[in-house]
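Please keep the structure in view while going through the numbered points.

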Amino acid sequence: MDESKIKELETKLREMFERKDQHPSVQEQKGSQANTAFVIRRRKGQADKRIALPNPG
């Protein structure tokens, strides 16, 4: 194998190990998206009410 190719693979491997050793919160996270089609209105003494929002698209 070419020496430059070996160094490139070693660099990639080192980066992979560094990412693996990181705390899970530091690693890439997928952002969760809440269902924005409804809003829940809560008032004391009344049942929760789901209010549909207009479709932005």
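Which side chain meets that of aspartate 48 in a salt bridge?

1. The partner is arginine 42: its side chain and that of aspartate 48 form a salt bridge, with a distance of 3.0 Å from N to O. Side chains of opposite charge can pair when their charged atoms come close. The model is a predicted one, and the count of salt bridges in it comes to one.

2. Arginine 42 has a relative accessible area of 62%, so it counts as exposed.

3. The overall fold may be stated briefly. The protein has one helix and two strands, and their order along the sequence is α-β-β. Helix α1 covers residues 3-21, and strand β2 covers residues 49-52.

4. The protein has 57 residues, and 0% of them count as buried. Its accessible surface comes to about 6100 Å². Of this surface, 51% belongs to carbon and sulfur atoms.

5. Arginine 50 deserves a point of its own. This residue is placed in strand β2 and, because its relative accessibility is 55%, counts as exposed. Apart from neighbours within four places in sequence, arginine 50 is in contact with Phe38, Val39 and Ile40. Valine 39 is eleven residues away from arginine 50 in sequence, yet the C-alpha atoms of the two are 5.6 Å apart in space.

6. Arginine 50 lies over the face of phenylalanine 38, at 4.1 Å from the ring centre. As for pairs of aromatic rings, the structure holds zero.

7. Leucine 9 belongs to helix α1. With a relative accessible area of 39%, leucine 9 is partly exposed; the value therefore also meets the requirement of over 30% for residues of a patch.

Definitions and conventions
Residues are numbered from 1 along each chain as its sequence is written. This is a predicted model: local features need pLDDT of at least 70, side-chain atom pairs count only at pLDDT 80 or more; totals for chains, interfaces and linings use all residues. Side-chain values use heavy atoms; hydrogens and water are left out. Helices (H or I, at least four residues) and strands (E, at least two) are DSSP runs, numbered from the N terminus. Buried means under 20% relative accessible area, exposed over 50%, partly exposed in between (1.4 Å probe, protein chains only). Accessible areas come from the Shrake-Rupley method with a 1.4 Å probe; for residues, only the protein chains shown count as cover. Rings of Phe, Tyr and Trp (its six-membered ring) pair if their centres lie within 6.5 Å; planes under 30 degrees apart count as stacked, over 60 as edge-to-face and the rest as tilted. A charge sits over a ring if NZ of Lys or CZ of Arg is within 6 Å of the ring centre and within 35 degrees of the ring normal. A salt bridge is a side-chain nitrogen of Lys or Arg within 4 Å of a carboxyl oxygen of Asp or Glu. Contact means heavy atoms within 4.5 Å.
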